[in-house]
Amino acid sequence: MRLTPLPLLLALTTPLWLTACSKPESSTATEAPTTAPAEDAPVASNSPDAVPATSEPAPATTPAPATTEVAAGEAAASGDDHAAAAEGDARQRIERLLGDVDQYEKVFTDLQRGVAADDAAAVAGLLRYPVRVSVDGKTQKLADAAAFQRDYPKIVTPALKALIAEQRFDTLFVNQQGVMLGQGEVWITGTCLDKACTKSEVKVNNIGS
């Protein structure tokens, strides 16, 4: 058998040995190091799942329904008490502030009857002249009963008739000036007939205005 000379054998095997030895170094150089992200690393703001660290639910400022219902109930009760206090005490207020409640009640009742019957003469007899009236929406004073009866249809309009008819004596507004019907369309007042005011005369001094 023929032997291969040693120098030739070394020349053939050296490239293979060098290639085998260089592979680990090449593999190590080309692989990128892997680093695990920190647990507290911030999330990218453009991520669809990103939630700002400060986004906390705002404290509720709307009162609870139960509280609202209680407040509404208290307000309603207060209104009922006020209405009850104003109901049915006109006679006491007239007696305390104006005196002789019977005169005021008589004038009020006669006014309702006269207006209901369209009795211009009867209504004219209840007025204190010069009397303030409203004719065609304009306030003026009439000197006597004749002037009032002449303009009666313009003064005692259907609306005023309904207001007087629906008014109840025990719910009249009363102050030191007199007794008021509606929102001031009619005022009934008294005047003293002597210095001591032991006697007074109660009349209507404003109607329709």
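Me: Where is Gln183 placed?

Reply: Helices (H or I, at least four residues) and strands (E, at least two) are DSSP runs numbered from the N terminus, and on that reading Gln183 sits in the loop between β4 (178-181) and β5 (186-192). This is a predicted model, in which local features need pLDDT of at least 70 and side-chain atom pairs count only at pLDDT 80 or more, while totals for chains, interfaces and linings use all residues. Residues are numbered from 1 along each chain as its sequence is written, and side-chain values use heavy atoms, with hydrogens and water left out.

Me: Is Gln183 buried or exposed?

Reply: Buried means under 20% relative accessible area, exposed means over 50%, and partly exposed is in between, using a 1.4 Å probe and protein chains only. Gln183 has 73% relative accessibility, and therefore counts as exposed.

Me: What does the side chain of Ser134 reach?

Reply: A polar contact is a pair of N or O atoms within 3.5 Å; within protein, one must be able to donate a hydrogen and the other to accept it, and residues adjacent in sequence count only if both atoms are side-chain atoms. Here the side chain of Ser134 reaches the backbone oxygen of Gly208 at 3.4 Å. Ser134 belongs to strand β1 (residues 127-135), and it is buried because its relative accessible area is 13%.

Me: Which residues does a cis peptide bond join?

Reply: The bond is between Tyr129 and Pro130, with omega at about -5°, and Pro130 lies in strand β1. Another proline, Pro153, is found in helix α7 (residues 152-155) and is exposed, at 59% relative accessibility.

Me: How are two packed helices described?

Reply: They are described by the angle between their axes and the distance between the axes. Axes are lines fitted to C-alpha atoms, for helices over the stretch in contact, and angles run from 0 to 180 degrees between N-to-C directions. Helix α4 (residues 101-116) and helix α8 (residues 158-166) pack at about 140°, with their axes 9 Å apart. That angle makes α4 oblique to α8, given that angles under 35 degrees count as roughly parallel, over 145 as roughly antiparallel, 65 to 115 as roughly perpendicular and the rest as oblique. The contact (heavy atoms within 4.5 Å) is made by Leu111, Gln112 and Val115 of α4 and by Lys161, Ile164 and Ala165 of α8.

Me: How many helices and strands are there in the protein?

Reply: The protein has eight helices and six strands, which follow the pattern α-α-α-α-α-β-β-α-α-α-β-β-β-β along the sequence. Of its 209 residues, 22% count as buried.
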